Amino acid sequence: MGKPTGFIDYQRETAQVLPPKERIRNFKEFRIPLSQEKQKLQGARCMSCGVPFCQSGSTLGGMTSGCPLHNLVPETNDLVYHGNWKQAYARLSKTHSFPEFTCRVCPALCEAACTCNLYDEPVATKENEKAIIETAFFSGWVTPQPPKVRTGKSIAIVGSGPSGLAAAQLLNRRGHDVTIYERSDRLGGLLRYGIPNMKLEKSVIDRRLAILEAEGIKFITNANIGKDIPAEDLKNRYDRILLCCGASNPRDIKVPGRESEGIFFAVDFLGMVTKRLLDSDFEKLPDEMVRKKHVIVIGGGDTGNDCVGTSIRLGAASVTQLEMMPCPPAERTASNPWPQWPRVLKTDYGQEEAIAVFGQDPRIYQTTVKEFLADQNGHVKEAVLVKLQSAKDENTGRMNMVPVEGSEQTIPADLVLIAAGFLGSQKYVTEAFGVATDARSNVATPDNPYETSIPGVFAAGDMRRGQSLVVWAIQEGREAAKAVDQSLMGYTYL
């Protein structure tokens with residue numbers, strides 16, 4: 001602990017954020033980092049607690065508290081304070097495969113569990129990590145690490161999202177021959193097509209992919225395993241298979257009028273926007289998809305917020321975001337103490353932009369769609385909304401959100417984006433490999449934490465644990481790599 005009074009001497013300071021009306025002009029990242037000297041002071045705020053919940057990754061109150069990767073947070077913060085950037089990068093790399101991704105998209109579980117967060121503001125650990133990894137790239141410290149010896153064992157990884165890439169990195173460095181199959185035209189999975197560019201610029205992904213390829217990992221795109229390529233081909237060709245296909249089965253809204261045109265799943269919409277931007281090298285905005293349209297986003301999570309921000313950048317006439325649950329409290333309640341994840345109201349970048357452009361928060365709580373109304377051409381034109389209230393189910397005793405009679409209202413809707421979460425892995429993939437699934441359609445790993453019901457076939461990431469965070473996907477990939485290595489070699493030092 002380099003500065004015992006750092007949390008008293010220095011206030012929390014984070015990156016400058018471009019004003020909403022300025023940043024919505026393009027799809028570029030809009031956070032301007034602190035200088036290294038100012039960032040060092042943020043490292044000084046770390047108390048080096050005797051029990052650092054920031055790196056615990058424990059489940060408290062049904063949610064994760066602290067980093068699932070168990071990053072050595074106090075140590076890296078102290079190294080930032082002392083300006084020892086190279087050592088900070090070396091220390092961070094011991095536990096983390098891709099800090100450049102999580103420092104942009106993670107909700108910072110480490111900061112929520114920070115002891116300073118109990119009475120004051122937490123240490124800016126997320127931005128400290130960004131400063132570490134960006135300094136490392138700028139300084140040329142992030143270089144390919146190909147193995148000196150190959151084992152002769154081969155592994156196929158299906159899916160190039162964060163879990164697949166994390167597993168591939170470790171397994172390849174162990175000396176195994178690793179090939180990643182990706183069904184899309186570009187690599188990255190959720191990172192590429194599920195997260196918009198202003199949140200994670202795609203050049204950040206490409207930078208890392210170039211290093212992984214230089215290390216010897218093989219990539220095959222436009223390869224839809226289970227449809228275009230039989231699963232048996234992989235089983236016959238490789239010693240082990242690791243499924244990292246994500247929880248890509250979206251939850252639908254089953255109401256009258258759902259078949260109307262102009263209604264999309266949120267990730268499909270975000271993917272289409274990103275693909276068109278990439279195809280034009282960001283020379284042309286695909287604003288014909290949204291311009292002058294009234295947009296409804298169903299779902300209040302991160303993906304819903306991304307849809308709000310994307311729609312505003314593409315010229316929406318209005319954006320309404322529906323959330324089934326009540327509005328969270330502004331501050332922690334007694335039933336949600338530190339170091340649990342704070343269940344409090346957060347206004348993300350998309351909502352900030354909607355407030356700046358339209359003059360009001362786009363979110364409407366305790367509300368859902370009762371019916372979609374279409375025009376004579378079958379295109380959605382309006383949505384009938386209904387208020388919800390909490391009521392006990394007489395059969396199960398559980399509290400459910402039920403419609404309030406007489407609360408209906410009709411609003412214009414030219415484009416509807418469903419961001420209601422996911423129901424697990426896609427059926428055609430699991431059936432192709434013959435792996436068992438659980439009640440939530442996630443791949444079951446009954447005996448080994450990561451091996452499926454089919455020997456030699458493993459699973460990791462959202463496909464195994466269900467819809468979750470990028471940081472959890474990376475952790476799953478790293479742990480699955482250990483399980484695969486153990487299966488191949490009889491031991492593992494990963």
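## Exercises on helices, rings and backbone angles

In this predicted model, helices α4 and α5 cross in a left-handed manner; left-handed means that the near helix is turned anticlockwise from the far one by less than a right angle, while clockwise would be right-handed. Residues are numbered from 1 along each chain as its sequence is written, and side-chain values use heavy atoms, without hydrogens or water. As the model is predicted, local features need pLDDT of at least 70 and side-chain atom pairs pLDDT 80 or more, whereas totals for chains, interfaces and linings use all residues.

**Exercise 1. Find how α4 and α5 are oriented to each other.**

Step 1. Locate the helices: α4 covers residues 73-81 and α5 covers 85-93. Helices here are DSSP runs (H or I, at least four residues), strands are runs of E (at least two), and both are numbered from the N terminus.

Step 2. Take the geometry: the two helices pack at about 165 degrees, with axes 8 Å apart. Axes are lines fitted to C-alpha atoms, for helices over the stretch in contact, and angles run from 0 to 180 degrees between N-to-C directions.

Step 3. Apply the classes: under 35 degrees is roughly parallel, over 145 roughly antiparallel, 65 to 115 roughly perpendicular and the rest oblique. α4 and α5 are therefore roughly antiparallel.

Step 4. Look at who touches whom, with contact meaning heavy atoms within 4.5 Å. Glu75, Thr76, Leu79 and Val80 of α4 meet Trp85, Gln87, Ala88, Arg91 and Leu92 of α5.

**Exercise 2. Pick out buried residues in α4 and what covers them.**

Step 1. Set the cut-offs: buried is under 20% relative accessible area, exposed is over 50%, and partly exposed lies in between (1.4 Å probe, protein chains only).

Step 2. Go along the helix: Val73, Pro74, Thr76, Asn77, Leu79 and Val80 are buried. An α-helix has 3.6 residues a turn, so residues three or four places apart point the same way.

Step 3. Find the cover, which includes α3, α5 and α8 (125-139).

Step 4. Just past α4, note Gly83, with a positive phi of about 75 degrees.

**Exercise 3. Count the aromatic pairs and describe two of them.**

Step 1. Rings of Phe, Tyr and Trp (its six-membered ring) pair if their centres lie within 6.5 Å; planes under 30 degrees apart are stacked, over 60 edge-to-face and the rest tilted. That rule gives four aromatic pairs.

Step 2. One of them joins Phe53 and Trp338 edge-to-face, 5.2 Å centre to centre with 75 degrees between the planes. Phe53 is in the loop between α3 (36-44) and β3 (58-60), and Trp338, 285 residues apart from it, is in the loop between β11 (318-323) and α15 (349-358). Phe53 is partly exposed because its relative accessibility is 27%.

Step 3. Another is Tyr181 with Tyr238, edge-to-face at 6.1 Å and 85 degrees. Tyr181 lies in strand β6 (177-181) and Tyr238 in the loop between α12 (231-237) and β8 (240-243), 57 residues apart. Both tyrosines are buried.
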